[in-house]
Each structure stands twice: as C-alpha cells, then as structure tokens.
Amino acid sequence: MSEDKFDVIIVGGGPAGLAAAFVLAKAGKQVIVLERGEYCGSKNVFGGILFTGILEKLIPDYLKDAPLERNVTRRGFSLLTPTGELGGGFKFDKFNTAPFNNSFTTLRAKFDNWFAGKAEEAGAMIITGATVDDFLYDTDGKIKGVKARMDDGDILGDVVILADGVNSLLAKKIKLHKELDPKYTIVAVKEIIQLTEEKVADRFHLNGNEGAALEYFGCAAKGAVGAGFVYTNKDTISIGLGASIKSLMEHKLNPNDALEYFKNHPAIAPLIRGGEQREYSAHLIPDGGYDHISKLFTDNVLVAGDAAGFVNNTLFHEGTNLAMQSGVSAAETVIEAGTRKDFSAASLSVYKTKLEESFVLRDLKQFRKTTDALDANPQLFEKYPKMLEELVSELFTPDGEPKWDKEMKLMGKLLKQESPWGLIKTALAMRRVII
C-alpha cells in the first residue's frame, strides 16, 4: 500500500469521515478511509438521533434501505426534581410523513456500517482495524501521509482529513487540538435496554413507526451539570446521561453511578421496567462550543466532526448533522484546492469560510455562552428543582386553604431560599442557553 498515493486520506469512519469520503469519491478522487474499529460504527457511540438533512442531499433515496429505527414525532423536555418531573414538549403529525422532520432514532453500529457501504459504492476504499499513530513527513517537514498500525502501513496522500473523534491524538500532534478541558468535555454513558416492540409503542404512546426523544434536565445527573435522555428504537430503548467531567469531579460522582441514579428516578424507572440491558457504552463529547473549537486546518490537513468540536449541546442536541456537513465542506475544500494544486494552509482556509456560511458555525456561535452559563449556575441542577418541587406540589394540593393565601405563603418561602436578584441573574443567564 505504501507504493500507492491517494488524493485524500481520511482518519475515522464516522458520519464526518464517511460524508467526506462519499463526496470525494463521487468527484472521482482516490480516497481511503482508515477506521480503527472492526467495522465502521463498531466503536461509535451517540445518544440516538440521526439528523438527516445533509444525508438526504448526498443520498436522496436513503429512506429505501438506511437502517433507521423510528422517525421522531415526539420531543419531550423535562426538569427532574428529586422525586418528580415538570415537563413539556411537542408532537406533530406532519413529522410522520416524508421527510419525517429529518429526525430518526438510529443505532450507529448499523448506520455507520451502511453509510460506509455507500461510500465504497461511490469508489472510496475503506480499511478497518487500522489505527493511525502518526504522520509521514517529506524532507521539507510537510505532511505527506500517515503511518497506520498494519502491514505496509505507510500511506501517502495529498491531504489528510482528521475525523477521528473528540480526543484526536493526531490533531494534538500537530498542535491543532489542545488537551481536553474538564469544564468543556462531557462524559456520556448509555445503555440499550431490550423490550418488545409492543411495549415500546405502548409506554411512549406511539403508533406505527413513530418515535420519541425525551431530554431530562435538573436533577437528572444527581446534582452535577448534565442531562439525561431516553430515545425509542424499534424494540429497544436508548437511555443515557451526560455530564461535564468538571462537575462530576466536584460532586465526586462516577458516570455509572450517575446513570444508575437517573435510571432509578421515579419518572424514568417505569419507562424501562422489565427491560434487559443489551449494551453499555461510554463516550466523550466536546462541549466547548464556538469559542473552543479546534484549529481547523494547516498545510495538507483538515479537521472535521467531533475532532473539531462540532456538537450543539443545547436543547437541540445536534451532532450528526454538524459532523456530516463538516465532512462535506472539507471534501469540497479539497476538491477546490486540487484544481489549484495547492494544499497549503492558505488554500485550505476556505474550509472555515464554508463552515462560517453554513449552519455549523452559525449555530455554534449563537449558543456560544451555553456551557459557561450552565457551569456558572449549578443551582439549576439541584437547588432550583427542589424549590420548584415544593412550590408546585404545594400549590396543586387542595387542602381548603385559599389560593391567594397559599401563593403568598409559598412566595415568602421561595424568597427565603433565593433572593429576587438571584432569580433575575439566573433567568438572564438562561436566556443565553435558549436564544
């Protein structure tokens, strides 16, 4: 293999890397994807929603054979109190017709493997079980390829696209990626719980192939800054929790204990009752937002997907669509640079411009204060949910006391626990999270 030279080497066979490979192969480029897992998707973990707006542009007929679980018609958002739940959400019947709101629950082990097959059909070469340890350099010190842990593992290429996940060791080697900051890195843990298709439909009030995506805040992570989720697959439930490393350390919590707390919460336990654990996985998620994305390019190298920090961890919880769009933008940048025969940093800087013009960096910029606002207001994850539970439960307890008297008494109790200025400051901080 070392005798061959590729136009593009892609490290990582997730949505970002495979989207780039698909576009490049369609354009006639010689492209190789190096995936360290046994197959594409074998090591990839995510909550459970695949956002398909970008995929539809690449493969318009993807609905024919893509391994999708359920189309998401219901989104729920709940604040967990210590013993209860305050929530809301939406469900629209129009999301039950094509293109199904571009939102599907999915299992990455199946989807990524399918997407890899489409990239191969387009002409990409995909090598699995290939761990890339380092770059290859020419006599001028410029990157000319990568060194993979396999026979004939010196692989030459004009450009390397790094799509190898949040903790990209290769990006660190060339100073494009800093060490992970505990404040801006989430540990996510997830289980897949086996039920029957009938039980999934019954418990979540679903018809046909409808699906539900439920997000939980407040006391979900046992007081740590984090959130939980429950997503419906055909005959399984994806349930998990993510919290910042910094907050877990401050609360002396390990992720598994936090997940067990979430699973046993009175609002969550009935949803998975009687189910059998089929899978357990853990994953790091970048949470720095716009202000902490990695440097995106240098001579002969681009960074895409989680490796660049492209995750929107707000109420929208988007990642797969940002990954695929960044892969597409990286591929388009390489194609254009190829016409100039110039793969220098200056030439590849077009990549950032493309991302700035797309929803990827525009959305991340809009919500750039989210992580800092949540970290600075830990009362949202323990103190305030307890206060709300007391307020709402007492207000809706009919005990013969006049409502006005009860409201005044409860307001007095509330103000003893938090000052008016404290409430106003928190409300202003939360505006940065949702607007």
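Modeller: Let's start with H9. It has 21 residues and reaches 31 Å from its first C-alpha to its last, close to the 30 Å expected at 1.5 Å a residue. Keep in mind that this is a predicted model.

Colleague: Is H9 mostly covered or mostly open?

Modeller: Mostly covered. Of its 21 residues, 16 are buried.

Colleague: Over to H3. What span should it have, and what does it have?

Modeller: H3 has 15 residues, so at 1.5 Å a residue it should span 21 Å. Its end C-alpha atoms are 21 Å apart, which agrees.

Colleague: Which residues in H3 are buried?

Modeller: Among them are Arg108, Asp112 and Lys118, which carry names you might look for. Phe111, Trp114 and Phe115 are buried too, as are Ala116, Ala119 and Ala122.

Colleague: What covers the buried residues of H3?

Modeller: The cover includes helices H1 (15-26), H2 (53-58) and H9 (320-340). It also includes strands S3 (49-51), S6 (103-106) and S7 (125-128).

Colleague: And what follows H3?

Modeller: Gly123 follows, with a positive phi near 120 degrees.

Colleague: New topic, rings. How many aromatic pairs does the structure hold?

Modeller: It holds 13. One of them is Phe111 with Trp114: the ring centres are 5.5 Å apart and the planes are at 35 degrees, so the pair is tilted.

Colleague: Why are Phe111 and Trp114 separated by about one helical turn?

Modeller: Because they are 3 residues apart in helix H3 (residues 108-122).

Colleague: What about Phe229 and Tyr231?

Modeller: Their ring centres are 5.0 Å apart and their planes are at 20 degrees. Planes under 30 degrees apart count as stacked, so this pair is stacked. Phe229 is buried, and Tyr231 is buried as well.

Colleague: Which residues form an aromatic cluster?

Modeller: Phe77, Phe90, Phe92 and Phe95 form one.

Colleague: Last thing, charges over rings. Where does Arg108 lie?

Modeller: Over the face of Phe46, at 5.3 Å from the ring centre. Arg108 is also one of the buried residues in H3.

Colleague: And where does the charged end of Lys295 sit?

Modeller: Over the ring of Phe297, 5.7 Å from its centre.

Definitions and conventions. Residues numbered from 1 in each chain as written. Predicted model: local features only at pLDDT ≥ 70, side-chain atom pairs only at ≥ 80, totals over all residues. Heavy atoms only, no water. Phe/Tyr/Trp six-rings, centres within 6.5 Å; stacked < 30°, edge-to-face > 60°. Helix = DSSP H or I, 4+ residues; strand = E, 2+ residues; numbered from the N terminus. Buried < 20%, exposed > 50% of the residue type's maximum accessible area, 1.4 Å probe, protein only. Lys NZ or Arg CZ within 6 Å of the ring centre and 35° of its normal. Expected span 1.5 Å × (residues − 1). Contact = heavy atoms within 4.5 Å.
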